[in-house]
Amino acid sequence: LSSNVVLSVDHVYYLLAGVCALAHLTERGDEKILVYFRPKALMGFLPYLVKHVGANDQNGDLFSTGEYFIKTRSRCDVLKVDGDRFFSLLDKSPHLYRSLLCSLTQNYANLLLLSTRITNQPAPVRVCRVILEFSSLENHRPVLPRHLTYYDIGTFTGLHVITVTKVFKALLDSGIVSKEGRKVIIEQEARLADIANGIEELPYG
């Protein structure tokens, strides 16, 4: 799948490669990212889970109306299975049931992390934690994925994109990160971690 594809609500997906995000459409029509999915994540099962556990219909409508959706944030490889078939196999497969439970637990933990440890912190702490969490090695150097834009970081952390831009400028001016074209390279990972943990302050005016 290419980037920025909204996944069908009729299927359950297993992410083999790439990054996807669970997003919420605000009343103003903006996308707010709630959870990022990495490889080996099980996705798209919540609408069927709501239906199968007997929750009220209003909760299910949140997905059918597109208020909540899963979108690819990079090029992705996925396995997909019809949602009804997936849940018909749950009782027959303890391994599948365990995978579903693990995914639910991880998603819940990520939401708790976002609502407590991230959004209650100063802007530099929030941004640096996201950089550390999503950085990966490219040619033996830690870099920020190209698909993770300033806007994405802002919606994920509850910051305005202008604030995120100011924090990145401060990181660039301090030599903590550098840029090659659109690629952000982490030059001083230890200092980035100190800022993320509140040990070092980063003025970003």
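Author: Helices here are DSSP runs of H or I with at least four residues, strands are runs of E with at least two, and both are numbered from the N terminus. The model is a predicted one.

Reader: How many helices and strands does the secondary structure of the protein come to?

Author: The helices and strands are those DSSP runs. Counted that way, the protein has eight helices and ten strands.

Reader: What share of the 205 residues in the protein is buried?

Author: A residue is called buried when its relative accessible area is under 20%. Among the 205 residues of the protein, the buried share is 39%.

Reader: Among contacts between residues at least 6 apart in sequence, what percentage join residues at least 24 apart?

Author: A contact needs heavy atoms within 4.5 Å. Of the contacts in the protein between residues at least 6 apart in sequence, those joining residues at least 24 apart make up 68%.

Reader: In the open sheet of three strands, which strands stand at the edges?

Author: The order of the three strands is β3-β2-β5, and they pair in antiparallel fashion. A strand at the edge has a single partner strand, so one of its sides is left without a neighbour in the sheet. The strands in that position are β3 (31–37) and β5 (68–72).

Reader: Which residue in β3 stands opposite C20?

Author: Strand β2, residues 20–25, runs antiparallel to β3 and is joined to β3 by six bridges. Opposite C20, the residue in β3 is F37.

Reader: Is M43 buried or exposed?

Author: M43 belongs to strand β4 (residues 42–43). Leaving out residues up to four places away in sequence, M43 touches L7, V12, Y13, L15, C20, F37, I70 and V78. Its relative accessibility is 0%, and the cut-off is under 20%, so M43 counts as buried.

Reader: How far apart in space are M43 and N107, C-alpha to C-alpha?

Author: Along the sequence, M43 and N107 are 64 residues apart. In space, their C-alpha to C-alpha distance is 9.9 Å.

Reader: Which are the edge strands of the open sheet of four strands?

Author: This sheet has the order β7-β8-β10-β9, with antiparallel pairing. An edge strand of this sheet pairs on one side only, and that applies to β7 (136–138) and β9.

Reader: By how many degrees are neighbouring strands of this four-stranded sheet turned against each other on average?

Author: The strands in question follow the order β7-β8-β10-β9.

Reader: Which residue in the hairpin of β9 and β10 takes a positive phi?

Author: Strands β9 (residues 177–180) and β10 (residues 183–186) pair antiparallel over four bridges, and V177 has I186 as its bridge partner in β10. Two residues lie between the strands of this hairpin. The positive phi, near 65°, belongs to G181.

Reader: At about what angle does α7 run to β9?

Author: Helix α7 lies across β8 (141–144), β9 and β10. Its angle to β9 is about 100°.

Reader: Why is α6 called roughly perpendicular to α7?

Author: Two packed helices are described by the angle between their axes and the distance between the axes. Helix α6 (residues 150–157) packs on helix α7 (residues 161–173) at about 115°, with the axes 8 Å apart. Because angles of 65 to 115 degrees fall in that class, α6 counts as roughly perpendicular to α7.

Reader: Is D152 buried or exposed?

Author: D152 sits in helix α6. Apart from residues up to four places away in sequence, D152 touches I33, Y36, R73 and H147. Its relative accessible area is 4%, so D152 is buried.

Reader: What distance separates the C-alpha atoms of V130 and F156?

Author: V130 has its place in helix α5 (residues 123–134) and counts as buried at 1% relative accessibility. Beyond residues up to four places away in sequence, V130 touches L148, I153, F156 and T157. V130 and F156 are 26 residues apart along the chain, and the separation of their C-alpha atoms is 8.8 Å.

Notes. Residues are numbered from 1 along each chain as its sequence is written. This is a predicted model: local features need pLDDT of at least 70, side-chain atom pairs count only at pLDDT 80 or more; totals for chains, interfaces and linings use all residues. Side-chain values use heavy atoms; hydrogens and water are left out. Axes are lines fitted to C-alpha atoms, for helices over the stretch in contact, and angles run from 0 to 180 degrees between N-to-C directions. Angles under 35 degrees count as roughly parallel, over 145 as roughly antiparallel, 65 to 115 as roughly perpendicular and the rest as oblique. Two strands pair if DSSP finds at least two bridges between them. Buried means under 20% relative accessible area, exposed over 50%, partly exposed in between (1.4 Å probe, protein chains only).
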